[in-house]
Amino acid sequence: MSADRPTVLVTGAASGIGRSCLTRFAEGGWRTAAFDRRPVPHADVMTVGDVRVVADVDRAVAAAGAGLRAVVNAAGVWSEGPTDEVDEAEWDRVIDTNLKGTFFVCRAAIAPLRATGGGSIVNVSSDAGIQGNAGAAVYCASKGGVSVLTKALALELAPHTIRVNAVCPGDVETPMLAGQARDAGDPDAYLARLRSQYPAGAATRFVAPEEVAELVWFLCQPAARAITGALVSIDNGLSAGVV
């Protein structure tokens, strides 16, 4: 393994968007550092831990070692249901995973990114980080926080040649989406309802995690050097407006 390969740290790397991002960077010749609650055997460096625990976050960033040039915050959880039924434990689970975890990974990564002369942070937000979704207030709060956090960090870190962007997917074909559909009781009806909200309606093909990974990859490349503070939608037009 070449010591001069740039390193990417990916959180939530065991499945879904995170796993696809880790694979894309490995294919691009990068050294990969994974952080997840489950082991990721194909990563060059693996840290098992929880993004909600700051000590685990700091340990994962330290384990990535020298040469850190990109960070992808893909760890996240979904939540939906009536707001008046949300308890404190659910609020803490979602906010601590999606927003607190993203914040503290970014915080820990600033020093090593500066040490390598700069780099890129890409946060995985959501269409729900741009607009509200009925019945998913806690999730929207967490992803809205990620979106504005991204803009604030882009301004703060620009003098250090650190770019910060967010990708905002719609529904993505991941285990999380499959779990949402299963928990709804009638998976086919649930997915049909989701498709009906898109401009293309029933013909909508949900986004593939590899498509999100390709966008993340681009945002970390020199060709994207002018892009920072952006919320980049990849959602089949879901957040464009009302049909």
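The structure is a predicted model, in which local features need pLDDT of at least 70, side-chain atom pairs count only at pLDDT 80 or more, and totals for chains, interfaces and linings use all residues. Residues are numbered from 1 along each chain as its sequence is written, and side-chain values use heavy atoms, with hydrogens and water left out.

**Fold and overall shape**

- The protein chain contains seven helices and seven strands, taken as DSSP runs (helices: H or I, at least four residues; strands: E, at least two).
- Starting at the N terminus, the order of elements is β-α-β-β-α-β-α-β-α-β-α-α-α-β.
- Along the principal axes, the C-alpha atoms fill a box of roughly 50 × 35 × 35 Å.

**Burial**

- Of the 243 residues, 50% count as buried, meaning under 20% relative accessible area with a 1.4 Å probe, protein chains only.

**Cysteines**

- The structure holds zero disulfides, a disulfide being a pair of cysteine sulfur atoms within 2.5 Å.
- The sulfur of C21 is too far for a bond, because the closest cysteine sulfur, in C220, is 8.4 Å away.
- C106 is in no disulfide either, and its nearest cysteine sulfur, that of C220, is 12 Å away.
- C21 counts as buried at 0% relative accessibility, and C106 counts as buried at 2%.
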